[in-house]
Amino acid sequence: MTELGFLKKENLVEFLKELATKSVVYVPVADDDVVAFKLFQENSTICLDRPANIPPKTVIFPQYETLLTFTFSKKEEQPDKIDVKIQEKMDFKDTVIFAARPCDAKGFTVYDRVYKDSDIPDPYYVGRREKTVIIGFSCPNVSPGCFCTAVGSTPSDKEGSDILMTEVSGGFVLEPVTEKGKAVIQSKFIEDGSKYLEEAQKKQEDVKNKVKNPFKKAGKPQISQEKFNDDSFWELALSKCLSCGACTFLCPTCYCFNITDENKIWEAERLRSWDACMFPHFTLEASGHNPRPTKFHRFKNRVGHKFLYYPEKYNGVLACCGCGRCIRYCPVSVDISKVVDELSDTNSENKTLTSNGGEA
Ligand code: SF4
Ligand code: SF4
C-alpha cells in the first residue's frame, strides 16, 4: 500500500473540516500547558510540536463511560415481582484520531490483544476501535524521557496507525497503512506525495537516531527473576512514590478499569471508569486482605505486567511503548526505564540504587 498522499500545510484545516463532515474528529489541542485530544473545531489550537500530555486512549477507552442503563418497574397487582429493562449504550460513531504519536497508536495494539483479539472481546472497546481511523504522526522531535527505540519501536512506527503522516517542507506526507487509512486520503485536498518520500524517510531516520537508549544492553530488556523477586530492590527504588496513579492514567498501554452501579430509585446506570494498579484499593479484597499492601508491591506489579507477564502471554511483546510520559509527569521523578535497566540481567551486582530508581 504505497500510494503516498501529500497535504499542503495551508490545507490542513480544510482537510480536517472535510473529515469532520463524515466523522467525529479528535485533534491534539494545546490548552495552556496541557495538550490533550479534543473534538476538532475550526479554531482549535492544534499542537503538533510536542506529544500530548494525555494520550488519545481517551477516545477509544474513555475515562468514564456508561455501559448500560436499567430501569425497574412494578405492578400494583404483583408486588413480589420487579421488571428490569436493560439498555446497552453501544451507539459508536465513525471517528478519526488525527496526529496520534506512533507510541500512542502502538499503545492501542497492546489493548487489542486483551480487549479485541481475546476469547472474550470487550464489545465497547471493539465497537469504538473498529469505527476509528488513526492518523499517526511521525515524531518531528524527541521529548525528554522518550525511549521507544529501546522497546522495539521507532518514532515513525506504523503499527496501530491506519495512516502515517510525516511533516516535510510545505506540508505532510500521508502513507496509508490499512484500507481504512487509504479511504481517508481520498480527498480533493490530498495530492500525490511520491516526490516527498525521500525527504520524509530522511526526517524519520534523523529523529530515530536522536532517541536515547536508557538500557546498557542493546535489544529489548530482559528482566532478571532474581532481582525482580528481591523486595529490598523495590523498597529502595520506590521509596519516594506517592501512589498518585499519574503514571498509569497517562500511560497509553494501561487499561485497568472498575465497574460501579449508580442507582436512583427506579433507574440506574452501570459505569466503567479507569482504575490503576498503583492505587491501594485496587486489589483490596472484601475480607480486608490486600495482596499488594504497599506501594512497592504495586509498582513491582506495574513493571512486572509490562516487562514480564504481558510478554509471557503475548509472544514477547512488551506492554510499554517507551512514550516516556510516566517519567516526564511523575511528581517525584520515578523513572521506569532506570528501574528496568537495574533489573536487567546484564547489570553488575554492586550498583547503588537511588530512591528514584536511578543510579547514585
Ligand atoms: S511512580 Fe510517580 S506517578 Fe506513579 S504513582 Fe508513584 S508518584 Fe505517582
Ligand atoms: S510505562 Fe511509561 S514509558 Fe511505558 S508506555 Fe507507559 S507511560 Fe509510556
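Predicted model: local features only at pLDDT ≥ 70, side-chain atom pairs only at ≥ 80, totals over all residues.
Me: What makes it a contact of α10 with α12?
Reply: The cut-off is heavy atoms within 4.5 Å. On the α10 side, the contact is made by Phe299, Val303, Lys306 and Phe307, and α12 brings Ile336, Val339, Val340 and Leu343. By class, that's seven nonpolar, no polar and one charged. The axes themselves come within 11 Å.

Me: Which residues count as being around ligand 1?
Reply: A heavy atom within 4 Å gets a residue in. Among those around ligand 1 are Cys241, Cys244, Cys247 and Cys330, along with Met278, Pro331 and Val334. Cys and Met count as nonpolar, and the shell has ten nonpolar, two polar and no charged residues. The space ligand 1 takes is the largest cavity.

Me: What about ligand 2, how many residues surround it?
Reply: There are 13, the closest being Cys251, Cys320, Cys323, Gly324 and Cys326. Gly counts as polar; the ligand 2 shell divides into eight nonpolar, three polar and two charged.

How values were computed
Residues numbered from 1 in each chain as written. Chains lettered and ligands numbered in written order. Heavy atoms only, no water. 1 Å grid on protein atoms, 1.4 Å probe; cavity = no way out; pocket = protein on both sides within 12 Å on 5 of 7 lines; lining within 4 Å. Sits in = over half its atoms within 2 Å of the grid points. Axes fitted to C-alpha atoms, helices over the stretch in contact; angles between N-to-C directions. Helix = DSSP H or I, 4+ residues; strand = E, 2+ residues; numbered from the N terminus.
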